[in-house]
Amino acid sequence: QALKLCAEHPEHPVSRVMQAGLVKANQPDRDIQRSIEEAAVKELPRVQVRTGYIGMIANVATLLGLLGTIFGLIQAFKSVGAASAAMKQELLAKGISVAMFTTAFGVIVAIPAMVAFSVISARQAKIMDTVEEVSISLFNFLSFRNRRIREMGPEAFEAMQSEALAEEGGSDGSEGSDGEGAEGERGG
């Protein structure tokens, strides 16, 4: 059932990591752990793909604004040096205007890009934290399950699982501490 649930969401990193662990569920613990870790390592670049470009766009926009400011000031001082006294003030104002507009446009592009970068980076971190949390929980569950199978024997464990599934089906799918207590009594 867990594999079917993972197959319903094949594009989500958590599903792919869980599926990798579930496929190795009956293997030794080290094989399960390696499979989960390998899947998690493969998901990291997929989650972070192309995010760096957003940060780069913000930085480049800021630098282009600065470059425009420098060109505007060069233009202003160059034109002031070659102009008559009456035109100097007008040419200086135009050059400074170009410098300020390019700075403004650079910042106008950089601010939303930095906000987008921060939001997407936070989302990526949340996804990878979830992947790590699920990986540890899945490994612990499968490890405990396999230990129980070794302790009880495969036939007794399968009988216990069949009984638990029958109880779940009869109680409208509600799970509670009763099932866990019953398992604990049977196991102990």
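This is a predicted model: local features need pLDDT of at least 70, side-chain atom pairs count only at pLDDT 80 or more; totals for chains, interfaces and linings use all residues.

Trainee: Which residues form a salt bridge with arginine 16?

Mentor: The general idea is that side chains of opposite charge can pair when their charged atoms come close. Here, arginine 16 forms a salt bridge with glutamate 11, with 3.9 Å between the closest N and O atoms, and another with glutamate 43, where the closest N and O atoms are 2.7 Å apart. Arginine 16 belongs to helix α2 (residues 13-23) and glutamate 43 to helix α3 (residues 29-48), so this pair ties together parts that lie 27 residues apart in sequence.

Trainee: Are glutamate 11 and glutamate 43 buried or exposed?

Mentor: Glutamate 11, at 65% relative accessibility, counts as exposed, whereas glutamate 43, at 2%, counts as buried.

Trainee: How many salt bridges does a search of the whole structure find?

Mentor: The search finds 5 salt bridges. One of them joins the side chains of glutamate 90 and lysine 94, at 3.5 Å from N to O.

Trainee: How far apart are glutamate 90 and lysine 94 along their helix?

Mentor: An α-helix has 3.6 residues a turn, so residues three or four places apart point the same way. In helix α5, glutamate 90 and lysine 94 are 4 residues apart, and are therefore separated by about one helical turn. Glutamate 90 is partly exposed, with 42% relative accessibility, and lysine 94 is partly exposed as well, with a relative accessible area of 47%.

Trainee: How should I describe the way helix α4 and helix α5 cross?

Mentor: Two packed helices are described by the angle between their axes and the distance between the axes. The axes of helix α4 (residues 51-82) and helix α5 (residues 85-152) come within 7 Å and cross at roughly 175°, and α4 and α5 are therefore roughly antiparallel to each other. The residues of their contact divide into 20 nonpolar, 16 polar and 1 charged.

Trainee: What span should α5 have, and what follows just after this helix?

Mentor: At 1.5 Å a residue, the 68 residues of α5 should span 100 Å, which agrees with the 100 Å between its end C-alpha atoms. Just after α5, glycine 153 takes a positive phi of about 95°.

Methods: Residues are numbered from 1 along each chain as its sequence is written. Side-chain values use heavy atoms; hydrogens and water are left out. Axes are lines fitted to C-alpha atoms, for helices over the stretch in contact, and angles run from 0 to 180 degrees between N-to-C directions. Helices (H or I, at least four residues) and strands (E, at least two) are DSSP runs, numbered from the N terminus. Angles under 35 degrees count as roughly parallel, over 145 as roughly antiparallel, 65 to 115 as roughly perpendicular and the rest as oblique. Ala, Val, Leu, Ile, Met, Phe, Trp, Tyr, Cys and Pro count as nonpolar, Asp, Glu, Lys and Arg as charged, and the others, Gly among them, as polar. The expected span of a helix is 1.5 Å times one less than its number of residues. A salt bridge is a side-chain nitrogen of Lys or Arg within 4 Å of a carboxyl oxygen of Asp or Glu. Buried means under 20% relative accessible area, exposed over 50%, partly exposed in between (1.4 Å probe, protein chains only).
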